[in-house]
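Biologist: I am new to this structure. Please walk me through it, one question at a time.

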Amino acid sequence: MAWLAAAKSFHLPAVDVTALRSRAPLAVGCFGCVSMAGAGIGRSSSAFRSKLFASLSISADASIKEAIQTDKAPAALGPYSQAIKANNLLFVSGVLGLVPETGKFVSDSVEDQTEQVLKNMGEILKASGASYSSVVKTTIMLADLKDFKKVNEIYAKYFTSPAPARSTYQVAALPLDAKIEIECIAVL
């Protein structure tokens with residue numbers, strides 16, 4: 001009955017499993033009764049469904065989604081936000097090494113662009129009430145994976161231990177022929 005202990009830790013209401021078995025098969029999974037499948041659950045009353053899943057839902061209500069915008073970082077190049085706050089998370093869009101005042105790259109070198117990307121990201125984090133230490137995940141996109149070592153040296157100055165989880169990819173092309181783009185997720 002491990003699923004019952006899990007349900008209690010998530011403050012789920014007690015559910016009569018014998019009644020449910022006749023209506024929908026029960027799949028044993030991470031949350032036990034949460035992973036129910038089949039048509040039986042669809043035929044259940046909406047009040048039952050809302051009680052069963054109430055404590056597991058994450059609100060998609062637009063009122064909890066807040067766009068972050070600062071003039072201290074380059075403006076978005078298209079129909080997206082510099083960052084979005086949702087619940088206790090901050091999602092920072094891919095940041096380029098553009099100088100905010102000019103909209104042009106700081107230089108053609110990957111080192112200078114990396115430094116500018118991280119400065120720009122810092123301004124977006126600051127505008128949202130976060131910091132580099134709040135970042136839990138980054139994704140780095142490079143025009144040339146051979147620049148990996150150069151980028152790491154600069155990156156390490158901004159993200160100290162414990163460093164965020166990270167993925168790094170070489171991509172076919174980046175906006176405006178950038179050498180690097182970095183996005184991140186932070187906890188608020």
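Modeller: The structure holds three aromatic pairs. Rings of Phe, Tyr and Trp (its six-membered ring) pair if their centres lie within 6.5 Å; planes under 30 degrees apart count as stacked, over 60 as edge-to-face and the rest as tilted. This is a predicted model: local features need pLDDT of at least 70, side-chain atom pairs need 80 or more, and totals for chains, interfaces and linings use all residues. Residues are numbered from 1 along each chain as its sequence is written, and side-chain values use heavy atoms, without hydrogens or water.

Biologist: Which geometry do Tyr-132 and Tyr-158 show as an aromatic pair?

Modeller: Their centres are 5.2 Å apart. The angle between the planes is 65°. That makes the pair edge-to-face.

Biologist: How many residues apart are Tyr-132 and Tyr-158?

Modeller: Tyr-132 is in the loop between helix H5 (110-128) and strand E4 (135-142). Helices (H or I, at least four residues) and strands (E, at least two) are DSSP runs, numbered from the N terminus. Tyr-158 is in helix H6 (residues 148-158), so the pair links distant parts of the chain, 26 residues apart.

Biologist: Is Tyr-158 buried or exposed?

Modeller: Buried means under 20% relative accessible area, exposed over 50%, partly exposed in between (1.4 Å probe, protein chains only). Tyr-158 has a relative accessible area of 16%, so Tyr-158 is buried.

Biologist: What kind of aromatic pair do Tyr-155 and Phe-159 form?

Modeller: The centres lie 4.6 Å apart. The planes are 40° apart, and the pair is tilted.

Biologist: Which residue lies over the face of Tyr-155?

Modeller: A charge sits over a ring if NZ of Lys or CZ of Arg is within 6 Å of the ring centre and within 35 degrees of the ring normal. Here the distance from the ring centre is 4.6 Å. The residue is Arg-166.

Biologist: Which side chain of opposite charge is nearest to Glu-181?

Modeller: Glu-181 is in strand E6 (residues 180-187). Lys and Arg count as positive and Asp and Glu as negative; His and the chain ends are not counted. Glu-181 is buried yet has no salt bridge, meaning a side-chain nitrogen of Lys or Arg within 4 Å of a carboxyl oxygen of Asp or Glu. The nearest opposite charge is 13 Å away, on Lys-137.

Biologist: What is the bridge partner of Val-92 in E6?

Modeller: Two strands pair if DSSP finds at least two bridges between them. E3 and E6 pair in the antiparallel sense over five bridges. In E6, Val-92 has as its partner Cys-184.
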